[in-house]
Amino acid sequence: MPQFLRTSPPAASLDRAAATHTWRGRLSLAGVGLLAASAAIAGVVAPSQAGPERIADPAPRAAAGSGLFANGAPSGKVRVRTGGSREVGMRFSPKVRGTVTGMRVWKPRAARSTTPRTGSLWTARGRQLRTATFSRSSRKGWVSVRFAEPVTVRPGKTYVVSAFAASGTHAVTRSGLSKTRATDALTASAGKNGVYRSKRGAGFPNRASGTKDNYWVDVRFVPARTTTTTPPTTQAGPCVGEANTPGGADPWGGCWPGPHNTGYPHGLPGDSRTPVTLTPYNGPMTIRTCGVVIDSKQVNGTLLIEAGNGTTSPSTPCVTIRNSLVRGVIFAEKSSYGPTVIEDTEVAPTDLPFWENIGRSNFYATRVNSHGGQGVIKCESNCVARDSWVHGMELGGAYHYNAFGGNGTDHFTIDHNYGSCGDWAAVSDPVDDAGCSAVIGFYGDYAPVQDITITRNFLASAFADSGQSIHRQAAYCLNPGYYPGKPYPDTARIVVTDNVFARGSTRKCGVYGPSNSLHGRGAVNDNVWDRNRFVDGAPISRPTE
């Protein structure tokens, strides 16, 4: 019997005892498969009832979209204001066409009575466009509300998003909006954009904070869809190798990521990028100030990013790493760090570190060759992995491996990558059931799994067909994140389109199949599954409980 089979819900898939860095997804994935199967046969409770760690006071359906602040705890010193009831908010402007679907606010205390009563969207002159009522929550953190109907907003126009703190309790960071906050879609220019109502009670927040305070009220914005089709991915040089292999032709007229078009350019056949000559990196290994650019360097160790500029856009990087070889990992633990832009870089640890090869928030990885170590490109919030090759991990310890994934993820785009798990480059004393969870795997251990786009990727596992080694391969090549046994069992707004699954020795990519359940029975939650197929063209139907 494969070692990753379990007859009861497994333990959490990230081991906090190992400083929160040990990847622990494999048990989770096996548990999902068995729970989903038993649900279909025996009719277990609905996802909203499953698991003792489920939030007792259900929150309203979260609003789709993104805002101006990262998804973790606010950066800087957050004070708790108490007193009379108060409406607080923020001015912002869209950069592009789109809709506002709702809003959110940081709730600084756990008491249910401190939950904001309403959230609203206004014009700059005080006309209310939408309002909605919060469900009371007994947890500290971001709470959100969805408007009954989205509101179309215009680029360049100023709007106000606000929350009514009926209890008078709300968060505030002094001078927290003294610098511009910006993403690719939204901006709040430096200045007096923190606003509040001069009178008690609910209503338009008509007065700007004289000290440029941030009340941690945020918008949920969805850019308008364009009508143009996605062009074929442009790769450096002609394809190298057979179709649907690393570097070979993909189905859209481009090339899959592989040896010649990822990592630092060094003159491999077929690579039309200008070769670089690496020189030793002599800068800090722990980066605590923004503005660092590492270009054409060999970095002999791990880079820890501990700086941030308050943005979540690759156009405003805090740290840039390009055309380089990193013989360690690249790791930013807090969502307030970054953005970290990683381009045309090889990440290849010389050992098997606790940390993932690239992680954990606010990074943008393009044309990366990630191998060795745990291999995985892992995200908690606001990440992009594109045109990258993840492969050849080191099997060891009791680790559970994925090429891409997370243990509670919000906003991760995984676009046109070649990922594999189980093609071990090295083996160093694996114990217990060490091996692959999935090629792409998400697990709702510490936060919801939501707003993830997985498109035009190649997923491969099941490289072994007999003996103990098959137990080290992925149970499923894709685990989208639905798992009734987790503290956050449901998925929302997971878009899975145009992905290609290798057959492998099992003929179904993973040991048990190509993909685990995308969502519970009847609980679509705006999830999308379309045009996913095996490498031989056979379609893969939507996986549900």
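The structure is a predicted model, and the mean pLDDT of the chain is 83, with 85% of its residues reaching 70 or more. Over residues 1-61, however, the pLDDT is below 50, although this stretch has 151 contacts in the model beyond near neighbours in sequence. Residues 226-236 also stay under 50 in pLDDT, and for them the model has 21 contacts beyond four places in sequence. Where pLDDT is low, the predicted coordinates should not be read in detail.

In secondary structure, the chain has 1 helix and 46 strands. Of its 545 residues, 58% are buried. Among the contacts between residues at least 6 apart in sequence, 70% join residues at least 24 apart.

In soluble globular proteins, nonpolar side chains tend to be buried together. Here the largest nonpolar core has 57 residues, and those with the most contacts inside this core are Phe412, Ile440 and Phe501. Setting aside residues up to four places away in sequence, Phe501 touches Leu459, Cys477, Leu478, Cys509, Pro514, Trp529, Asn532, Arg533, Phe534, Val535 and Ile540.

A search of the whole structure for cavities of 30 Å³ or more finds 3 of them. Two are set out below.

| Cavity | Volume | Lining residues | Lining by class |
|---|---|---|---|
| Largest | about 130 Å³ | 16 residues | 6 nonpolar, 9 polar, 1 charged |

Within the lining of the largest cavity, the residues that lie nearest its centre are Ala70, Ser75, Arg181, Ser335 and Ser336. The classes in that lining are 6 nonpolar, 9 polar and 1 charged.

Strand 5 supplies the largest share of the lining of the second largest cavity, namely 3 residues.

How values were computed:
Residues numbered from 1 in each chain as written. Predicted model: local features only at pLDDT ≥ 70, side-chain atom pairs only at ≥ 80, totals over all residues. Heavy atoms only, no water. 1 Å grid on protein atoms, 1.4 Å probe; cavity = no way out; pocket = protein on both sides within 12 Å on 5 of 7 lines; lining within 4 Å. Points joined across faces, edges and corners; volume = space filled by probe spheres on them. Nonpolar A, V, L, I, M, F, W, Y, C, P; charged D, E, K, R; others polar. Helix = DSSP H or I, 4+ residues; strand = E, 2+ residues; numbered from the N terminus. Core = buried A, V, L, I, M, F, W, Y, C linked by side-chain atoms within 4.5 Å. Buried < 20%, exposed > 50% of the residue type's maximum accessible area, 1.4 Å probe, protein only. Contact = heavy atoms within 4.5 Å. pLDDT = per-residue confidence, 0-100.
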